[in-house]
Amino acid sequence: LFRSRWCYEGTSLLCIYGFFSTVKPLEPFLIPFLTGPDKNLTIEQVTNQIFPMWTYSYLAVLVPVFLLTDWLRYKPVVVFQCLVLFSATAMLLWCNGVPEMQAMQFTYGVVTSCDIAYFTYLYSVVELKHYQKATSYCRTAQLLGYTVGSVLGQILVSFELMSYNYIIVFTLVLTAIALITSILLPMPKTSMFFHQMRSASGETDGEGHVGTEEELQNNGQKDGVELDGSKQLDFLQCFSSRTLLIWSAWWALATCGYNQTVNYVQSLWEYVEPSSNFTVYNGGVEALSNLFGEVIKSISLSITALFFLKSVLNSICTSMPLFHRFQIAAGLNMEHYAPVFGANTFCALVLQTIITSVVVDSSGLGVDIVTQFTVYGANFSIIALIFFLRGLYTTINF
């Protein structure tokens, strides 16, 4: 009963944190704010010098944060993320000039890299059978936060209820609520890697208890989790699956293009309809994008799953060894989801960094925003063509 109540409280607090940490009314209006009289930056400075810092920061700190998240058992990283988010928002309010805004974007990249702690914390405090339900609650809280923030920002800007500076102050208050909530989160007693390995090797759990040989063996095998060597072997076998590698390639390429589009779409809007000459509806567009984006994403994942299953069924007919590897991939427990998606995210960020440094950054080509989106469009077209042809080939040869 205590365990259930503790998990319920942890999930509830995490949902509250997810909501308040994602309500950002100014985010849809970042370009008008930075290029307006408050900061007086040019669109070229923002697009080609300031925004690229987010990508570089995200890539630079992703791996250290990934390792520290598990070692520190998640909660400290969640609290740290909120502190850094508060700092980045404060820098946006009080700092001026290109170097200061570059530092702000670098700081926000650290915030993004800490996102992994949000769901890994959740999986450390709920039972396996509740993963799907708990994930839907926390993801819904985040989506609701993004949507409420966008709608609220649109209302405040359209009706001139607050200036941009006061909207940032309001955001700081919301972030402070998220920070208090993160501090109240229960501290997990175990983690997926470091502390499990420590228990498996016979060390204490921090409360003076050392498991018996039978307990350690049972813990090591629970939910398909094996000890160190078997974990590593299982993980390598998962990536030896051709189907999983193809899916990972699709995911990395699509994520790279999506991140670039989201990161620079406001620059495109500013080019099409300058905020100094037109009434901007960025908040409304962002809200609709959040809502419909989730629907489209669900449809896309469903279609991908069908192609994935179709490919696997075809492989079953032709290669039993591949079927064996798929069974390993299908049976991945949650501790393998993190490294698989972590590796895919890292690959996506490497690709994104290459595109940013060559195409976007002023030290590279520094092309205009229209040319940038031509490149992004070409990226998505190539991805669609390659995987359409593969799906067609798989269907014909089934």
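Student: Which hand does the crossing of α5 and α6 have, left or right?
Tutor: The rule is that a crossing is left-handed if the near helix is turned anticlockwise from the far one by less than a right angle, and right-handed if clockwise. Apply that to the place where α5 passes α6, and the crossing comes out left-handed.

Student: What kind of model is this?
Tutor: Residues are numbered from 1 along each chain as its sequence is written, and side-chain values use heavy atoms, leaving out hydrogens and water. Local features need pLDDT of at least 70, side-chain atom pairs count only at pLDDT 80 or more, and totals for chains, interfaces and linings use all residues; this is a predicted model.

Student: How many helices and strands are in the chain?
Tutor: Both are DSSP runs numbered from the N terminus (helices H or I, at least four residues; strands E, at least two). The count for this chain is 17 helices and 0 strands.

Student: Are α5 and α6 roughly parallel or roughly antiparallel?
Tutor: The axes of α5 (residues 75-94) and α6 come within 9 Å and cross at roughly 160°. Angles under 35 degrees count as roughly parallel, over 145 as roughly antiparallel, 65 to 115 as roughly perpendicular and the rest as oblique. The two helices are therefore roughly antiparallel.

Student: Which residues of α6 make the contact with α5?
Tutor: Contact means heavy atoms within 4.5 Å. From α5 come Phe-80, Gln-81, Val-84, Leu-85, Ala-88, Met-91 and Leu-92, and they meet, in α6, Glu-100, Met-101, Ala-103, Met-104, Thr-107, Tyr-108, Val-110 and Val-111.

Student: Is Ser-113 buried or exposed?
Tutor: Ser-113 lies in α6 (residues 98-113) and touches Tyr-58, Val-61, Leu-62 and Val-65, not counting residues up to four places away in sequence. Buried means under 20% relative accessible area, exposed over 50%, and partly exposed in between (1.4 Å probe, protein chains only). At a relative accessible area of 1%, Ser-113 is buried.

Student: How many residues of α7 are buried?
Tutor: Among the buried ones are Ala-117, Tyr-118 and Thr-120. α7 is largely enclosed by the rest of the structure, because the buried count is 8 of 10.

Student: What is the relative accessible area of Gln-372?
Tutor: Gln-372 sits in helix α17 and touches Thr-47, Asn-48, Tyr-264, Val-359, Val-360 and Val-367, not counting residues up to four places away in sequence. Gln-372 is buried, and its relative accessible area is 0%.

Student: Which residue has its backbone oxygen 2.9 Å from a side-chain polar atom of Thr-171?
Tutor: Thr-171 belongs to α9 (residues 164-184) and is buried at 6% relative accessible area. Not counting residues up to four places away in sequence, Thr-171 touches Val-23, Lys-24, Pro-25 and Thr-89. The backbone oxygen in question is that of Ile-167.

Student: What share of the chain counts as buried?
Tutor: Among contacts between residues at least 6 apart in sequence, 82% join residues at least 24 apart. Of the 398 residues, the buried share is 45%.

Technical notes. Axes fitted to C-alpha atoms, helices over the stretch in contact; angles between N-to-C directions. Polar contact = N/O pair within 3.5 Å; in protein donor to acceptor, adjacent residues only side chain to side chain.
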